[in-house]
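Me: Got a structure I'd like to talk through with you. Can you have a look?

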There are 4 protein chains.
Amino acid sequence: MALMHPHDKSIPSDQARLLISCPDQPGIVAAVSRFLYQHGVNIVRSDQHTTDPEGGLFFMRIEFRLQDGQTPLDQLEEAFIETADRFQMSWRLGGASQRKRLAIFVSKEDHCLTDLLWRWRIGELHADIAMVVSNHPDMEPLVTPFGIPYYHVPCNRDIRLEAERRHLELLAKEQVDTVILARYMQIIPPTMIAHYPHRIINIHHSFLPAFIGAKPYDQAFERGVKIIGATAHYVTEALDQGPIIEQDVERVDHRCRVEDLKRIGRDVERLVLARAVQWHLNDEILVHGNKTVVFA
Amino acid sequence: MALMHPHDKSIPSDQARLLISCPDQPGIVAAVSRFLYQHGVNIVRSDQHTTDPEGGLFFMRIEFRLQDGQTPLDQLEEAFIETADRFQMSWRLGGASQRKRLAIFVSKEDHCLTDLLWRWRIGELHADIAMVVSNHPDMEPLVTPFGIPYYHVPCNRDIRLEAERRHLELLAKEQVDTVILARYMQIIPPTMIAHYPHRIINIHHSFLPAFIGAKPYDQAFERGVKIIGATAHYVTEALDQGPIIEQDVERVDHRCRVEDLKRIGRDVERLVLARAVQWHLNDEILVHGNKTVVFA
Amino acid sequence: MALMHPHDKSIPSDQARLLISCPDQPGIVAAVSRFLYQHGVNIVRSDQHTTDPEGGLFFMRIEFRLQDGQTPLDQLEEAFIETADRFQMSWRLGGASQRKRLAIFVSKEDHCLTDLLWRWRIGELHADIAMVVSNHPDMEPLVTPFGIPYYHVPCNRDIRLEAERRHLELLAKEQVDTVILARYMQIIPPTMIAHYPHRIINIHHSFLPAFIGAKPYDQAFERGVKIIGATAHYVTEALDQGPIIEQDVERVDHRCRVEDLKRIGRDVERLVLARAVQWHLNDEILVHGNKTVVFA
Amino acid sequence: MALMHPHDKSIPSDQARLLISCPDQPGIVAAVSRFLYQHGVNIVRSDQHTTDPEGGLFFMRIEFRLQDGQTPLDQLEEAFIETADRFQMSWRLGGASQRKRLAIFVSKEDHCLTDLLWRWRIGELHADIAMVVSNHPDMEPLVTPFGIPYYHVPCNRDIRLEAERRHLELLAKEQVDTVILARYMQIIPPTMIAHYPHRIINIHHSFLPAFIGAKPYDQAFERGVKIIGATAHYVTEALDQGPIIEQDVERVDHRCRVEDLKRIGRDVERLVLARAVQWHLNDEILVHGNKTVVFA
């Protein structure tokens, strides 16, 4: 059935990415670019950022293609260790064509889920969706036609530990890299956050830090704001306080009731979440402290 | 000198506005429109809003022109009392050509002031600027070429009461209708707020309710937001909590330092404040509770 | 199956709408509101617009609820004729709960179709989707799970007349009110336009009037624009020249290739089309000349 | 007088910029960064772009600081020739603190001029404004308080050649680098364009390529668009066809008359022009063919 086979807009298998964070100092770019040149790679795109030219942090992302007959990726990785150590780099080198494995957590609202499934189907998301997990059975008919496993894991105060154990078990079994909270509406326990540091993305339905917590559209209505928004962020232990990846807003006016804010907000939420997921999948996000550098 | 004479894009002297707030019930529009028709006025524009069709509040704004040989404005006002009483209306009827008298309060940043003065000069603001008041002498050279009085009223913790007295005295003497806080950066005392209910407009340099209080751009930088904004609101006793009139935002990214947020923010602030002032001058804002209905 | 039963956020059966266009003159609002009041209706929302207070056109849209024991809709309609004739009105009075019947025409891109189907499923679109028509068989698996008939009607230069006949036959048989061209990419023949005046909505993938005709994203890339957009408009005989209903844009930059413009554009297109369809279904659009008045 | 002394937010005198365009090939970044490292410079910011990884063009902009006791700028320039030649670079190396000299051309609308003068006064524009030139005397009182020379050069069909000669003479005498057409509304002759290739910036009051030519707001009103915009571009011989630097838009609706479009448009125009001028002054724009790469 057509629905189940996403277009494969595959990234060439010889394409790779190098991500670097380190204290800024002269010579980093020279060393890295010399290294890559000597190993015969072809740079497709390169971005860099320094938080402060006087002793700040340095971030770099290079997308490149390995050339035939030159150093293969694993040897490149080994060879880079010397340069990396010299500059005290945190770094990652990996094939760009390798698909991350996603788990999408969802509750009773389907707009973000439907949008992600559609993007995946048409080949916009370079990822495998390993599973959809929900505390409700409602979304199953949306998911199974895509051939994606759907796990209904009930979750409430009394069975939280049990649910948590089940979640971790499922994620481990399916070797999930990244968890997307597509309006999951449940607190994520510290254990899971510790297992997936900066690999759990949440969509919050307000422009944070405004309207933290429950029912942000009701809060927005009450306050009488003239714009509403949505925020995609990495989940940390502090509720709605993690590093912000992306935000966007839409105008509203005095005629909007809470239902209207929710309707308008749905379109903002799904676009914001989709952009954040896209960037994460493409390794375009680097986190430092409680902030993100987005090379999108 | 050309600078001192704003273009007079005057509103016709026979143009008037009726503003109404009352409990919603059937027959209001029929009664009001019949009343206006019988007195021979010509409706230019009409807006209405009901917060809730089941027993909410009703708001209406009608802009119209009196016809030659028909009821003049003062008689129209008297004649309307009966209708107004029948529906328990709060209402206001006034000539649209009458200019409100503004006082602009400013501190050390001039972007909002300069923008308002420019709009006034080219005829965008249908108002008289009765004075500019500041706790610093710095802005005087910007103001005096326009022939507008500039009052330097120092203000700090120790002399707050004295400053307050001086402010009220100046505003009273010059029959000021509306006070614009164009980045005044000082707390407005309750006495002044009581004198000018919903007639003091402040521009706050964040998208409220995010980043209430001091140094919102520093707060925004610290939090790592991807959009910054500005909010124009009526001043009430609760700091940065008054009815929001207008908000807008602009994108920022990881490369922006606090100075960049401030620079980008200046353009948002002046546009947001200008729109709010414009709407206020045109009687396009109705306040209910802590919210605004904007018929712009 | 859950997919097939859209949430029924039904509009109350006693809710109705009156739409009016006529030459402006004093007394229209008084007459209409008096008429409605006398027949005991309860106004939920009212909008009006005058193109020019000196002898322009007047437009009005009133949404109201009939009261128990008062004049029913058909009698109200008859009774209104007198008032309508007095002011030479073009007018329409109808139950708001009555669902329009849509046909969605689509070609090989599914983003607009998928989005409309999703909105319909969650109850955002107050309409029946009578059919999806395509010149390709590709979209059938997306449509049939919703229980909506899918008609594959091949169409090319040689069989255009035959296709046209088939289209009109299908639309007539299923009593379709409104045709949505959700990226149909085929010229609509004059006969069909004549059958559905201001009832065929097209989404064009540029901010018209820029980039009329084929391959607007390629044109945009070639020109090096910094924003791209989409336009929803009623179809008239002049290609991409009909009354514009809604437009929106998104930023792009020098790094975007044509594929990126297309990807970014998809999100703009589906939102713009959805808003236009929404407004059309809610009778919020009035057309005059080649322009729209949108009471949204 | 305060007005005349812009804040001097000066760029450090040891800060410099290197701009490069050349055919893409492996090793460019390695060679350039090695060169800079060997000469002891400290990179503040670096941006690069490749139009097509398979044989496209390569663009790079590096902002850096010279270190005490290291190669001075003029020697650096000489030393770079070898590297530049190896990769067939078009390149420019210059001190970032050196202010460009601007001429602002204006006609009868002052919004762009006033905005640029304000930005210059508060130190946002790192430039010297050598003169303001106009075909009308009207703007003189706005300009002279800043201590900037104002030249009234009448211009019409009959005296075009004379005006042109006078313009070139003034620009040459004052060693003007860049000409800003801040709503000048006159055709720029080919001679002047030839003298200032990609150094004349125009603001056109529409989102190009829509509404080329005269009276774009009237055209927009006629077409019934729902967004209006403005475009800053480098002037070339083809009217309104030069490389686009920046664009932005604002929403309008059926209630807007041409005057409203103009009023709303003024705010878009001045922001768009200011951004373009800013980027040009900071050497953040590289032109290729009829497009711009903007490293802002």
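Me: How much area is buried between chain B and chain A?
Reply: About 2,800 Å², with carbon and sulfur atoms giving 53% of that. Buried area here is the accessible area (1.4 Å probe) that two parts lose on being put together, summed over both. This is a predicted model, where local features need pLDDT of at least 70, side-chain atom pairs count only at pLDDT 80 or more, and totals for chains, interfaces and linings use all residues. Residues are numbered from 1 along each chain as its sequence is written, chains are lettered from A and ligands numbered from 1 in the order in which they are written, and side-chain values use heavy atoms, leaving out hydrogens and water.

Me: Which residues of chain B lose the most area to chain A?
Reply: Arg223(B), Lys226(B) and His254(B), which together make up 25% of what that side buries.

Me: And how many salt bridges across it?
Reply: The rule finds 4 between chain B and chain A, a salt bridge being a side-chain nitrogen of Lys or Arg within 4 Å of a carboxyl oxygen of Asp or Glu. One pairs Arg251(A) with Asp248(B), with the closest N and O atoms 3.4 Å apart.

Me: Switching topic, what relates chain A to chain D?
Reply: A 180° rotation with 0.0 Å of shift along its axis superposes chain A on chain D, RMSD 0.0 Å (least squares on the C-alpha atoms of residues with pLDDT of at least 70 in both). That's the relation of a two-fold axis.

Me: Which C-alpha of chain A is nearest the axis?
Reply: That of Ala30(A), 2.9 Å from the axis.
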